[in-house]
There are 2 protein chains.
Amino acid sequence: MALYVMKFGGSSVGDTERMQRVARRVAEKQDEGHQVIVVVSAMGDTTDDLIDQAKLLSPEPPTREMDMLMTTGEQISIALLSIAIHQLGKKAISFTGWQAGFRTEAVHGKARIIDIRPSRVLEAIKEGNIVVVAGFQGMTEDGEITTFGRGGSDTTAVALAAATSADVCEIYTDVDGIYSTDPRIVKNARKLNEISYDEMLELANLGAAVLHPRAVEYAKHNQVRLVVRSSFNHNEGTVVKEDAHMEQGVVVSGIAYDKNVARISIVGVEHVPGVLAKVFGSLAESKIDVDIIVQSGDQEDKADFSFTVALSDREKALKVIEGLSEEVPFREVTSEDGLVKVSIVGAGMVSHPGVAAQMFDVISKQGVNIEMVSTSEIKVSCVIAGGKLNEVVQALHTAYGLDTDNQAFVGGPKDRR
Amino acid sequence: MALYVMKFGGSSVGDTERMQRVARRVAEKQDEGHQVIVVVSAMGDTTDDLIDQAKLLSPEPPTREMDMLMTTGEQISIALLSIAIHQLGKKAISFTGWQAGFRTEAVHGKARIIDIRPSRVLEAIKEGNIVVVAGFQGMTEDGEITTFGRGGSDTTAVALAAATSADVCEIYTDVDGIYSTDPRIVKNARKLNEISYDEMLELANLGAAVLHPRAVEYAKHNQVRLVVRSSFNHNEGTVVKEDAHMEQGVVVSGIAYDKNVARISIVGVEHVPGVLAKVFGSLAESKIDVDIIVQSGDQEDKADFSFTVALSDREKALKVIEGLSEEVPFREVTSEDGLVKVSIVGAGMVSHPGVAAQMFDVISKQGVNIEMVSTSEIKVSCVIAGGKLNEVVQALHTAYGLDTDNQAFVGGPKDRR
């Protein structure tokens, strides 16, 4: 007997029939002799519909009230899934985030988990229930309802798996597992059988939408064994764990891309000590994640900085920078979209020099300029103009020997929250 | 400065425009210098839609999960209304039932309030917020989400008014106030300016759908001044209070009817001590409300009983009785629908004998048989076949001098929850 956490995203529970399929899948797991905790997202477009309703009333609704609003989506899912499981003759009980014991920091829309007290979940499991937990949500110490932001249900699943010492955390989605790249772009992308946390973390951070980076981080930190698999079939999926088995000769495991990129440039910044700390400290305070940072053009005590943020943070970031114009004198601040970030990821890179050079070569052979570069031990990222994205990804996939004979199914990752 | 509790039903917040109208109405009250707590129901058909979704998955979904499901309706309303109020430049904050401090007994679908701890509500009021509270819901001591059943949002409003020592509790609905009878049936029904708790309680219990009886009871017990008025205009409405001013010569204040009636008859019950206690005790344990009870036909140690219950409780009541056949021997149990209960209500009745006799006379002149009768100090109820309901109500309205020259608008009470 093992304890499983099974997470199903919004498209897996999008309508009554799918809800019933998830119920059967979960019941099946219990019939195999296991204990089961299910984490679900809001059904299909529910979250977007709720956001639309709020936007009809206010262009900038308060985040506290948005959390109040959006958490109903998951609450509807857990109640309905629990009802569907009951109908199969199984004991089931649903818990909201706060009932399942998720305590978060006092931030709305993007709260981090501080603590999980899963006593009610464990008790219900002991009583033979299939426990259905609302993803994406928690509560502050003051009893305020909070959400984790996009991808939050993955985090709920992994965190709950860690807190309950579950044996496996299965992330069910609408693809068969983690692919060497987006099968919508590269027809002969290959499904990976295993991948390490670090590689997955890079891929997740780089826009491979199957697993949320925060969830992977949580899994790595707590050594939670993750399996990404399809809710539509019983194929084996991809195992994410510490020491993934590396295939012979494979240097690069996957190619990722991210269209959600805006570049912000601060031109003619005076060289005063603490300038960088001031700028990026203020951005961090405003909860804006900065990705690649490049300093260039150092002339006569002035420097230029460029950095990338998510498209949705662009306006907010510009406002923050403009608000600093007295403390941090600069000539102008500009922003740019239409860019993409393309990355190669692979634990094998460490022992293979020349991987980055090969990447630059492949990109330039597509007639594309590289705007920014960023590297880590196991990845190289290039920001380029978005126009030839598909060709670049396909060329990199081929160049690093990732093409298979089998055509991956077309469709690709959608099940994000 | 006074503290107002303002309650808006589902049809008052049925869409974005209506939501905005409620927001303006509430903001207006604050602009007049008052403190405001708003209680709202789920939007329009939300509750019914959620029930439909559950029924697609199970014919008899567990009540705990139904509470989990249905409470999302009010949570959506409070978030959206709060957003709409913010948009008017006012401070607003929403609270679910449990956040507002509603503690209930551990029963699902029909829980009673045990205690209200409104500290968060009062604190938010003190900080200048318009506080928006979800009607119809609370939490048990064990952190289980519960609902109060139909009409529960009225109860939330009145209970919160009592717990916060509010000056007035205004129930906004889609009619102008309490009418002498249903304006859909009697065109010249009159709007009452005042009515006593006791009269209102009888009317509410008898199916006048504007105010829920439990809410009136709560108001009477805590002497909460109630005003029932329209959310579509600024007319004065009907004041419900202890000593309502009685109009000269008015004996009967209103005529009510209730179509939600089933009669159950237990035939040939053996005369054993404690039989009645056994039967009605078991029904009470199953949370079935019994209304009129009549004992008849006492022959050779055997008696027949008839009683009425809500139509929706009919099957459940029959099951309970059948389950008692060993302890309480009887010949057979039968049930009947298609009945209605018509009632006359008036505090003036006490000092005017012959009111009941006049009622029987009016009904029989319509060629209708009276099946059951029940009386209290201030009301007389008759159960009759439903076929001639409208004629009977009109005839009674005329007979007791309630007709006005003004035609009441057609539409009538819908805003029930």
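This is a predicted model: local features need pLDDT of at least 70, side-chain atom pairs count only at pLDDT 80 or more; totals for chains, interfaces and linings use all residues.
**Domains of chain A**

- Chain A is divided into three parts, with domain 1 covering residues 3–174, domain 2 covering 261–337 and domain 3 covering 340–399.
- Between domain 1 and domain 3 of chain A, the C-alpha centres are separated by 37 Å.

**The eight-stranded sheet of chain B**

- In chain B, eight strands form an open sheet with mixed pairing, and their order is β3-β6-β2-β1-β9-β11-β12-β10.
- The edges of this sheet are formed by β3 (92–95) and β10 (194–196) of chain B, each of which pairs on one side only.
- Neighbouring strands of the sheet are turned against each other by 20° on average, with direction ignored.
- Within chain B, strand β11 (residues 226–230) and strand β12 (residues 238–241) run antiparallel and are joined by three bridges, and B:Val228 stands opposite B:Thr238 in β12(B).

- Strand β11 (residues 226–230) of chain A is mostly covered, since five of its five residues are buried.
- In a regular strand the side chains alternate between the two faces of the sheet.
- In β11(A) both faces are covered, with A:Leu226, A:Val228 and A:Ser230 buried on one side and A:Val227 and A:Arg229 buried on the other.
- Strands β9(A) and β11(A) run parallel and are joined by five bridges, with A:Cys169 standing opposite A:Leu226 in β11(A).
- With strand β12 (residues 238–241) of chain A, β11(A) pairs in the antiparallel sense over three bridges, and here A:Val227 stands opposite A:Val239 in β12(A).

**The β17–β18 hairpin of chain A**

- Strand β17 (residues 370–376) and strand β18 (residues 379–385) of chain A run antiparallel and are joined by six bridges.
- A hairpin through two residues connects β17(A) to β18(A), and across the pairing A:Met372 stands opposite A:Val383 in β18(A).

**Aromatic rings**

- A pair of aromatic rings is described by the distance of the centres and the angle of the planes.
- Over all chains, the structure holds seven aromatic pairs, and one of them is the stacked pair of A:Phe8 and A:Tyr172, at 4.5 Å centre to centre and with 15° between the planes.
- A:Phe8 lies in strand β1 (residues 3–8) of chain A and A:Tyr172 in strand β9 (residues 168–173) of chain A, so this pair ties together parts that are 164 residues apart in sequence.
- A:Phe8 counts as buried because its relative accessibility is 1%, and A:Tyr172 counts as buried because its relative accessibility is 1%, the cut-off for buried being under 20%.
- The ring centres of A:Phe280 and A:Phe307 are 5.2 Å apart and their planes stand at 80°, so the pair is edge-to-face.
- This second pair links distant parts of the chain, with A:Phe280 in helix α8 (residues 275–285) of chain A and A:Phe307 in strand β15 (residues 302–309) of chain A, 27 residues apart.
- A:Phe280 and A:Phe307 are both buried.

**Charges over rings**

- In chain A, A:Lys29 lies over the face of A:Tyr4, at 4.0 Å from the ring centre.
- In chain B, the charged end of B:Lys29 sits over the ring of B:Tyr4, 4.0 Å from its centre.

**Positive phi angles**

- Most residues other than glycine have a negative phi.
- A:Phe136, a residue other than glycine, has a positive phi near 80°; A:Phe136 is found in the loop between β6 (130–134) and β7 (137–139) of chain A, and A:Phe136 is buried, with a relative accessible area of 2%.
- B:Gln223, also a residue other than glycine, has a positive phi near 50°; B:Gln223 has its place in the loop between α7 (213–222) and β11 of chain B, and B:Gln223 counts as partly exposed at 47% relative accessibility.

Notes: Residues are numbered from 1 along each chain as its sequence is written. Chains are lettered from A and ligands numbered from 1 in the order in which they are written. Side-chain values use heavy atoms; hydrogens and water are left out. Rings of Phe, Tyr and Trp (its six-membered ring) pair if their centres lie within 6.5 Å; planes under 30 degrees apart count as stacked, over 60 as edge-to-face and the rest as tilted. Helices (H or I, at least four residues) and strands (E, at least two) are DSSP runs, numbered from the N terminus. Buried means under 20% relative accessible area, exposed over 50%, partly exposed in between (1.4 Å probe, protein chains only). A charge sits over a ring if NZ of Lys or CZ of Arg is within 6 Å of the ring centre and within 35 degrees of the ring normal. Domain bounds come from an automatic or database domain assignment. Two strands pair if DSSP finds at least two bridges between them. Axes are lines fitted to C-alpha atoms, for helices over the stretch in contact, and angles run from 0 to 180 degrees between N-to-C directions.
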